[in-house]
Amino acid sequence: MKKILLFFVLALITGFYACKPERLIVPSEPVKNVAGSWQIIKATRNGTDLTTRFDFSHFRVQFSDSSYSIDSLVPFIVNKNGKWTFDNPNYPFFLSFKPTDSAAKTSQLLYPVVNGQRNIIITFSPGCSLNSYQYTLQKAN
Amino acid sequence: MKHKLFKKDRSTIWKIVGGLILLIIVSCQMTIDSIVQPASVNGGDILSVTLNVKIISNQDQTSRFMVAVLVPKVWKASQPQNTTITFVSDITTGPQPMTLIPTGTAAPNGNGLDWPTYLNNKIGNGGNRLSDYEWVAFYSNSAYTVNSSSNFGATVSIQMKTSPDNLLFKLGYCIANSSDGLSSSDRYGAYLAPTNSCFQVIGTGDLIDFCNPQLSTIDPRNSLDNDIITVNFDGGVASTDLDNAAQVYLCATGITTTGDILPVCVQTDKTKMTSLGLNRWQKDIWPRSLFNLNANQHLARLEYYFTDASGNKKVGYGNGSGPFTYTFKCQ
């Protein structure tokens with residue numbers, strides 16, 4: 001009886017020490033990184049796919065820390081270089097372009113990973129506001 | 001024993017058949033018997049249309065009445081100040097008001113589609129050849145009860161403010177109810193313009209022709225010089241000098257808001273059109289780039305022709321010597 005009791009006490013003590021408090025590390029959402037040169041891989045106007053019908057191939061938009069610049073302009077949300085911002089760097093819903101000499105233009109942002117590659121999808125109206133364009137951008141090599 | 005079973009089977013069979021018959025003949029039939037609509041109005045005037053409607057029901061039903069119109073988008077018929085629809089009927093007293101069905105409201109039996117989309121899918125474009133038309137749908141403010149063996153008429157009054165635009169359009173109308181939707185052809189009524197008829201608004205500006213096949217159209221119909229516009233040439237519409245052209249080119253002149261005349265009439269890659277087959281050609285252009293505009297220049301309009309590779313064979317508006325025209329403007 002004493003042996004059994006002793007066994008149980010020892011088991012209890014071991015049990016207490018076996019449990020270690022788990023320190024929970026709150027995962028933090030990484031800041032979205034757009035730095036680099038991006039090209040248009042898909043373009044639609046009012047839902048019509050124009051990707052192969054109009055030459056978007058030379059267009060590039062370069063993002064650095066806070067600035068952007070455009071090469072080989074095509075109809076775009078802005079037509080001059082300037083500064084860009086996310087509404088929230090961790091959970092961006094909007095991407096804003098502020099050309100140096102005019103008002104900022106903002107687009108709703110989709111930022112999916114497709115086939116392992118990050119895409120940026122922006123929606124804007126370069127001409128009449130009733131004409132809606134959607135560009136899918138991908139990092140250019 | 002056998003005798004008893006046989007009797008039981010027979011009565012069950014009749015119950016099933018009877019039930020099926022009942023299902024088949026239960027209906028709320030809605031038809032547009034006739035319409036009263038002028039052949040034309042002046043731009044900006046109110047278009048008045050009357051629909052004479054018959055409703056035959058053999059089931060008890062309480063629903064709202066639905067009336068929809070097929071109209072050009074430029075009329076902005078969904079704005080309350082532009083359209084008024086009321087009706088009188090044998091089972092109501094006085095004009096009954098109707099209100100635009102709020103955007104996004106799912107139509108009954110429409111698999112989640114809203115009424116304009118549902119109408120477009122089920123009834124179609126009414127023969128309109130340009131894409132900027134729309135179905136605009138209204139519900140009666142009240143719901144009405146019809147009982148089995150109802151047979152009555154209604155007269156719908158539609159007042160729509162037209163825009164100042166010069167246009168030819170194929171108008172259309174649909175009546176239905178808020179319980180059945182467009183679930184089967186005996187539960188709604190539709191009236192579409194007959195083949196050779198076309199409603200005309202005598203207005204101002206370039207004619208917007210929804211009715212007749214066009215030698216050339218530009219899409220979107222409303223755009224500015226910073227949009228990408230699609231220039232279409234449909235050589236299948238009429239026999240032209242370009243009938244057997246191996247290659248068609250765009251020959252265009254941009255006219256700026258300050259009166260600068262900017263011709264781009266060369267037969268190069270810049271103006272080379274893409275063949276869609278059957279004598280149809282297409283070119284997507286960015287006017288600001290094609291006409292090399294500086295930051296202060298804006299295009300007011302385009303005048304253009306289609307040519308062959310030599311530039312000598314030229315097709316203009318109505319297959320004539322004058323150019324096609326396109327005005328840069330938003331709605």
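1. Start with a sheet in chain B. Four strands form an open sheet in the order E14-E15-E19-E18, with antiparallel pairing. Strands here are DSSP runs of E with at least two residues, helices are runs of H or I with at least four, and both are numbered from the N terminus. Two strands pair if DSSP finds at least two bridges between them. E14 (216–219) and E18 (274–277) of chain B stand at the edges with a single partner strand each, so one side of each has no neighbour in the sheet. On average, neighbouring strands of this sheet are turned by 25 degrees against each other, direction ignored. The axes behind that angle are lines fitted to C-alpha atoms.

2. A word on the source. This is a predicted model, in which local features need pLDDT of at least 70 and side-chain atom pairs count only at pLDDT 80 or more, while totals for chains, interfaces and linings use all residues. Residues are numbered from 1 along each chain as its sequence is written, and chains are lettered from A in the order in which they are written.

3. E18(B) and strand E19 (residues 280–285) of chain B run antiparallel and are joined by 3 bridges. Which residue of E19(B) is the bridge partner of Ser275(B)? The partner is Trp281(B).

4. Now the two chains. Chain A has 1 helix and 10 strands. Chain B has 3 helices and 22 strands. Of the 141 residues in chain A, 16% are buried; for the 331 residues of chain B the share is 33%. A residue is buried if 20 or more other C-beta atoms lie within 10 Å of its own, exposed if 12 or fewer, and partly exposed in between, with C-beta atoms placed from the backbone.

5. Check the helix of chain A. H1 (residues 2–18) of chain A has 17 residues and should span 24 Å at 1.5 Å a residue; its end C-alpha atoms are 24 Å apart, which agrees. The expected span is 1.5 Å times one less than the number of residues. The number of buried residues in H1(A) is 0, so this helix lies largely in the open.

6. Where the chains meet, 13 residues of chain A are in contact with 11 residues of chain B. Contact means C-beta atoms, placed from the backbone, within 7 Å.

7. Chain B also holds nonpolar residues packed into cores. A nonpolar core is a set of buried Ala, Val, Leu, Ile, Met, Phe, Trp, Tyr and Cys residues joined through C-beta atoms within 7 Å. The largest has 52 residues, and Ala68(B) is one of those that touch the most other members. Leaving out residues up to four places away in sequence, Ala68(B) touches residues including Trp115(B), Trp135(B) and Tyr173(B). Another core, of 27 residues, lies apart from it, with Phe233(B) and Leu290(B) among them.

8. Two loops of chain B contain prolines worth a look. Pro164(B) lies between strand E8 (150–161) and strand E9 (165–169). Pro164(B) is partly exposed, with 14 other C-beta atoms within 10 Å. Pro220(B) sits in the loop between E14 and strand E15 (229–234) of chain B. The peptide bond from Asp219(B) to Pro220(B) is cis, with omega near 0 degrees.

9. Finally, inspect Asn111(B). Its phi is positive, about 55 degrees, although Asn111(B) is not a glycine. Asn111(B) counts as exposed, with 9 C-beta neighbours inside 10 Å.

Methods:
Axes are lines fitted to C-alpha atoms, for helices over the stretch in contact, and angles run from 0 to 180 degrees between N-to-C directions. Two residues are in contact if their C-beta atoms, placed from the backbone, lie within 7 Å.
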